[in-house]
Amino acid sequence: MGKQVLTTCPYCGSGCQLYLNVENGKIVSSTPANGRTNEGNLCLKGHYGWDYLNDPQILTKRLTKPQIRKNGVLEEVEWDEAINYTAKRLNEIKEKYGPDSIMGTGCARGSGNEANFVMQKFMRAAVGTNNIDHCARVCHAPSVAGLQYSLGSGAMSISIPEIEDTKLLFVIGYNPAESHPIVARRIVKAKQKGAKIIVADPRITETARISDMHLQLKGGSNLALVQAMGNVIIAEGMVDQKFVDDHTLGYEEYKKTVEKYTPEYVESICHLPAETIRQAAREYAKAERAAILWGMGVCQFGQAVDVVKGLASLALLTGNFGGPSMGVGPVRGQNNVQGGCDMGALPNCYSGYQNVTDDAAREKFEKAWGVKLPKENGIPLTQVPHHVLDVKDEKKKLHAYYIFGEDPGQSDPDLNEMREALDKLDFVVMQDIYMNKTGLKADVILPATAWGEHDGVYSSADRGFQRIRKAVEPKGDLKTDWEIICLVSTAMGYPMSYKNTKEIWDEMRSLTPSFFGATYEKIEELGCVQWPCRDESMEDKGTPYLHKGGIFAHPNGKANFFATEWRAPGEIEDVEYPYTLSTVREVGHYSVRTMTGNCRTLTNLEDEPGWIQMSPEDCEKLNLKQGELIRVNSRRGSVMTRVMPTERVKTGATYMTYQWWIGACNELTVPYLDPVSNTPESKYCAINLEKIDDQ
Ligand code: SF4
C-alpha cells in the first residue's frame, strides 16, 4: 500500500516542499508540493535526491552499525559498547586536559534543528565548553557577523517570494542557478515583471546572462566595488537623507572613508570601467525598491565581513529597508545551515543568537539545564587545525573532536593540514550516515538515521521553520542523531532524554524569545513560520521581512554604517603560480556528495570526478583540450582533473568544485581566514597547471 509524506527538501536553503512517494517501504519518487517558496516546482535535486535512502551503494555503503577502531581497524560493535566507550574517552580527556580540550560540531544537513539544539546543549552542559560550531563557519558566518553589526540581525531581511516583486536586484558573488535553483526562478520572474538585474561576478553566471548589467570584476575586489558604489551615491546626491538621519549611525565616518573610493580609483583594482561602476550605482540608488542578494562569492574571502557591512551600508544609504521586496539577502546555502545557527551550534551564542557572554542569557540557560555554563566564546571550526598542530601547551590544545554530520576531511580548506590535525587528535568521533573521508580517521563511528527516516524542523534561508517528516523505516541498527547524543551525554554523567522532537522543540522555544511563538501546531497549520515569532497565539504568524518601518534589531533601533580600506586576497598569483583558483558548485550535487553521490539519476547526470573551468585563451596558451586530464598544483597540494574550456571565465582565473572524492580542490585551497568570522578564503588562491603528458 503506497503513501505520500509531505516534507522539506534536504538540499538547499530554498526550503522547497515535496511529497515522498513510498511503496512497500521504499521511496519510489518525489512530487513537488505547493510550498511557500517553491509553488509546486522543484529542481533536479528535489526530484531525484531521495534515492540514497534506498541504499544503491554507488559511492559507498550506508553505515548500519556502530564501529570502534581496535588495533587500527574499525570493527562493528553493539550500541552499548560504542556509547560507553565514547563517553569514557571523552570523560578521560575532559578530566586530564579540561572541557575546552574537546570540540564538537552541529550539522547543517539532514538532522534538523532539534538535533542541533541537543548537540549544543550536550557540548555546553555535559562537556562544559562553548567549542561548538558547524559548517556555517566555512560559508555564511561573515553574513551573520556583518549584518549583526550593521542591522542587529544576521539573517535575510527579505523573503524568497518577495524577490520577484522588487524593482532592482543587485546580485553579487552568487550563482543561484547552481546553488538555489528555486531562488533563481524568482529572479527570472522579477525580470519578467520588469525589474532591473545587476550582477557582480567574475564569471558569466546564468544570472549574469539575463542581467541588464554584468560587472565582471576581478576576483577579490568586492569591497572596492561596493565602496565605489557608495561613493557615487553620495557624490551624486542620491542619498535618502531622511532615512539616514532617522534610522542610522556612523554616516559621516562612512562618507569620509569612501571618499577616496571613486570609480576611477577602483578601476585598476576591480578591472571595470569607471563609467560602468557609476552607472550601476545610479541604477541601484534610483530604484523604487531594491534588494541585494549574495552568496559564497562574497563570504569566502578574507575580507568578507567588511563586504557584508558595505552591502548593508548601500541599502541604508538608499533607504532600502522597512518594507517588503527590499533589503539584504545572504542566501544560506545548505538546507539547514540557517537552522544550525538558529539553534546555537555556534561558539558564541545559544539558540536565537543569545550571547554566551551575556550574564542574563547564560543564567537563564544555567537554571533550565541545572548546571554552570562556560562564560568564554568557544573555538571556531576553522581554528581546529591550529589548536591541534600549533598550540604547544597540552592543557590549551584540542585533544578530541566529536564530528556530527560534517566531513572536514573533504569540505575544509587545505586538506593536508586538516588530515594531519585529525591524525594528531587523541580521539575522533564521527556521527554520520555514510562513510566519508573524515571517517577514515575516526576512532568511533556512530551511524545515524537520515532525512526521510526521522522527524524535525528545518530553517529555510529566509528564516522559515518548516517540518521534515519520517517516510521510511531506517535499514540497519541506527538511531536518530538526538537520541545518540542524549545517550552519550547520559553515559558521561549528564542525563538527557526526550520522548520526541516536539519535546526538544518546546524546550528550545521556552528558552528562546524570538522563536517562542513558533509551535509545532502553528508550523503544521501554516506550513511555515518565519522568525521572529514571539507569541504562541495564531495572531502572530511570523515575520516575512525584517526591520519594518526602519526599526532595526539593535537595542537603540538604529543601524550602523561601515567602511574600511580594501585589501588584496591573502595569496595572489605570481610567476610560479600564475593562475587563480576559486571553488564553485555543481548543480546536480550537494556538499561533499554523501547523499547525492548515492542517487542513481544524479550520479548518471554527472559521473566524472570533477573538472576545472578555464578560459579558451588559457587553454590555447597551454595547448589543452576539452576533457584532457591535467595536474593542478598549489603550495599546499596537487590534484588531477579534466579541462573544461568555457567563455564564462576570464583569462587567468580557474574554477573547480570540492564535491568529488578524487580531485577535491580543497587539497589546493588556502586556510587564510577572515579575521572576524574565521571563514576561509576558498574563492581565491594561486595555482599552476601541468599537462599530464609533459610529466
Ligand atoms: Fe528546492 Fe533547493 Fe531542493 Fe532544489 S535543492 S528542490 S531549489 S530546496
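How many nonpolar, polar and charged residues does the shell around the ligand have? Hello everyone, let's start there. The shell has eight nonpolar, five polar and one charged residues. In that count, Ala, Val, Leu, Ile, Met, Phe, Trp, Tyr, Cys and Pro are nonpolar, Asp, Glu, Lys and Arg are charged, and the others, Gly among them, are polar.

Before going on, please keep in mind that this is a predicted model, where local features need pLDDT of at least 70, side-chain atom pairs count only at pLDDT 80 or more, and totals for chains, interfaces and linings use all residues. Residues are numbered from 1 along each chain as its sequence is written.

Back to the ligand. Of the 14 residues around the ligand, C9, C12, C16, C43 and G46 come nearest, where a residue is near if its C-beta atom, placed from the backbone, lies within 6 Å. Helix 1 (44-48) and helix 6 (181-192) are the elements that give two or more residues to this shell. Helices here are DSSP runs of H or I with at least four residues, strands are runs of E with at least two, and both are numbered from the N terminus.

Now the whole chain. The chain comes to 24 helices and 28 strands, and its C-alpha trace spans about 70 × 70 × 60 Å along the principal axes. Of its 695 residues, 59% count as buried, meaning that 20 or more other C-beta atoms, placed from the backbone, lie within 10 Å of the residue's own.

Helix 3 is largely enclosed by the rest of the structure, because 15 of its 15 residues are buried. Just after helix 3, G128 takes a positive phi of about 95 degrees.

Finally, the domains. An automatic or database assignment sets the bounds: domain 1 (83-137 + 335-530), domain 2 (141-331) and domain 3 (579-694). The C-alpha centres of domain 2 and domain 3 lie 27 Å apart. Across that pair, 22 residues of domain 2 are in contact with 22 residues of domain 3, contact meaning C-beta atoms, placed from the backbone, within 7 Å. On the domain 2 side, the elements giving two or more residues include helix 4 (141-151) and helix 14 (304-317). That side divides into 12 nonpolar, eight polar and two charged residues.

Key: A residue is buried if 20 or more other C-beta atoms lie within 10 Å of its own, exposed if 12 or fewer, and partly exposed in between; C-beta atoms are placed from the backbone. Two residues are in contact if their C-beta atoms, placed from the backbone, lie within 7 Å.
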